[in-house]
Amino acid sequence: MSVPSTTPRPVAANSVWPQLEPLLPQVTKPIQYVGGELGAVVKEWDSATVRWALMYPDAYEVGLPNQGVQILYEVLNELPDVLAERTYAVWPDLEALMRAQGVPQFTVEAHRPVRDFDLLGISFATELGYTNLLTAIDLAGVPLLAADRTDADPVIVAGGHAAFNPEPIADFVDAAVLGDGEEAVLEITTIVRQWKAEGRPGGRDELLLRLARTESVYVPRFYDVDYLPDGRIQRVVPNRADVPFRVHKRTTMDLDAWPYPKKPLVPLAETVHERYAVEIFRGCTRGCRFCQAGMITRPVRERSITTVGQMVQQGLEFSGFHEVGLLSLSSADHSEIGDMCSGLAEQYQGTNVSLSLPSTRVDAFNIDLAQELSRNGRRTGLTFAPEGGSERIRKVINKMVSKEDLIRTVVTAYTNGWRQVKLYFMCGLPTETDADVLEIADMAHEVIRAGRAATGSKDIRCTVSIGGFVPKPHTPFQWASMERPEVIDHRLKLLKQAINADRSLGRAIGYRYHDGEPSLIEGLLSRGDRRVGAVIRRVWEQGGRFDGWSEHFSYQRWVDAATEVLPDFGVDLDWYTTRQRDELEVLPWDHLDSGLDKDWLWQDWQDSLGEYEQDDCRWTPCFDCGVCPTMDTEIQIGPTGRKLLPLTPVNGLKLPTGAQQ
């Protein structure tokens with residue numbers, strides 16, 4: 001275990017490379033720990049006033065492409081007196097060697113000890129990365145508990161979607177930022193710079209207090225939680241007079257003012273995504289009731305077509321990537337997506353550059369879009385997400401896509417040259433029955449039949465991918481109960497049998513699924529309170545690592561830890577997962593303001609039980625979710641009226657070969 005230290009941080013961090021390098025031949029994929037990627041920035045330690053270590057708490061191959069970390073990395077390093085480096089979770093083989101040889105958690109740029117930095121910023125896309133957080137903190141030589149840290153330790157700041165309920169890791173992090181990070185990290189940097197310039201008055205406590213006073217940085221130590229005898233929360237209140245009762249999310253409104261990443265990191269080792277990714281808009285108003293990302297990122301903010309074109313041109317010129325990913329929660333919903341895709345396809349016709357929309361709504365995909373995405377002959381994967389198998393369950397979750405819409409869309413893809421599409425569904429949704437899930441098989445069969453009829457070929461396939469439903473904070477389903485894993489697994493077994501019941505069709509349908517056990521644990525972590533921190537720590541002490549990876553995840557380890565720890569608090573695993581909450585219960589995240597009105601969320605939960613559909617407020621009158629007035633913002637609706645072409649070179653950059661107009 002780490003021992004608290006009062007030793008002041010060294011003036012200059014020394015590289016651990018001489019100790020690390022001899023260990024690398026003994027581990028798998030040593031290249032991931034070497035650094036030196038195109039786009040990486042290495043600054044002189046003494047040139048910086050404020051130093052950040054940025055972490056995505058997963059392996060390099062997953063963490064390097066993360067858009068959020070790359071953006072913050074570039075934003076911070078553009079400041080002359082700020083230094084930002086990256087660190088990732090190390091695999092268990094290297095962890096064991098590092099512990100044996102006394103090598104601390106390090107950054108990949110200059111292999112500096114993480115403990116020497118002023119701040120450690122961690123971006124959580126999923127709660128299953130919490131055990132990796134503890135590994136990194138402990139390997140860094142930093143006390144696990146925030147309460148045990150001194151001025152010699154970095155301030156640990158959590159961000160990402162999971163930070164909208166940081167209570168399960170409240171004991172381990174010093175602060176959390178809700179919402180967009182671009183402006184938030186600059187504000188935090190300014191506060192740290194000023195505090196250091198003044199001679200660090202009041203020590204760590206004063207620095208955290210200054211962060212808390214912004215009303216947009218949550219510092220758990222300044223809030224107390226009281227519980228009722230039945231285990232529910234009575235209240236969460238500040239324990240100091242000068243911190244806010246509620247902490248608000250950050251919203252970056254003008255995406256054109258933040259055209260990042262300009263110089264994307266190009267990995268040395270294979271990663272899950274190797275493309276230049278541009279976020280074309282942020283936020284979503286479709287109102288899918290299960291979707292935390294759509295709820296917490298409101299309002300919609302579009303990046304203009306001209307900025308997208310300039311970013312693509314500059315990013316491809318710098319990186320040499322051959323694929324452009326147009327990212328958002330539902331990319332085909334951009335008001336200028338047609339002109340954007342046709343303009344980019346025209347710009348890069350005759351090159352080996354391909355376009356992809358990683359997230360495409362069934363009812364937003366059309367033949368024109370299909371033709372632009374496949375114009376140069378390369379077709380990236382297409383994924384459509386009906387989410388629910390039956391029309392009834394799609395009304396419950398507010399994902400109104402008809403079977404006819406899906407068939408028509410997939411046939412459009414097949415007739416435009418695609419031979420493989422992926423259909424994504426969820427299992428365990430509120431009010432779901434076996435029959436709802438079995439309709440997925442009927443839908444998949446009809447997709448293959450229609451595709452064969454339209455193309456005259458049997459050489460087409462679709463993959464049915466099933467994920468377990470997890471209720472998330474700040475969504476209408478935050479009150480919902482979860483299904484037990486055995487129920488999920490039973491339905492998935494029935495579905496597989498139904499898909500294969502017709503062998504002619506079944507052999508053209510791939511089937512991938514996540515069983516119910518990881519989803520239940522994710523549910524514990526997503527809606528947990530501070531008492532769940534003891535479970536996380538116990539799992540980590542018992543060897544829990546990389547819980548987002550099926551080969552490393554141990555359901556029994558989590559169940560055993562919960563059984564051992566939670567009864568002391570008068571609750572258990574089911575209390576957090578399979579129990580439905582009532583309207584008046586104080587939820588662990590109620591003091592953290594996503595902009596959404598809790599009464600509206602409750603009403604939408606009731607509407608879901610009545611199978612009532614909610615319209616998209618982007619194109620219909622406001623239905624008063626609370627975001628726009630609360631955040632003093634408004635939904636941005638295009639189009640700009642501009643065209644993508646012609647593009648002019650940015651900062652003297654030339655167009656890729658073959659793209660000259």
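Which order do the strands of the open sheet of 3 strands have? Select them and you'll read E10-E13-E14, with parallel pairing; strands pair if DSSP finds at least two bridges between them, and strands (E, at least two residues) and helices (H or I, at least four) are DSSP runs numbered from the N terminus.

A quick word on what's loaded: this is a predicted model, where local features need pLDDT of at least 70, side-chain atom pairs count only at pLDDT 80 or more, and totals for chains, interfaces and linings use all residues. Residues are numbered from 1 along each chain as its sequence is written, and side-chain values use heavy atoms, leaving out hydrogens and water.

Now pick E13 (residues 323-327): 3 bridges join E13 to E14. Click Gly325 and you'll find its bridge partner in E14, Ser356.

Next, select 130-139, helix H5. Here 10 of the 10 residues are buried, so H5 is largely enclosed by the rest of the structure (buried means under 20% relative accessible area, with a 1.4 Å probe and protein chains only). Among them are Tyr130, Asn132 and Asp138. Just after H5, Gly141 takes a positive phi of about 80°.

Last stop: H18 (residues 532-541) and H19 (residues 555-565), which pack at about 130° with axes 9 Å apart. Axes are lines fitted to C-alpha atoms, for helices over the stretch in contact (heavy atoms within 4.5 Å), and angles run from 0 to 180 degrees between N-to-C directions. Contact residues include Val535 of H18 and Trp558 of H19.

Terms used:
Buried < 20%, exposed > 50% of the residue type's maximum accessible area, 1.4 Å probe, protein only.
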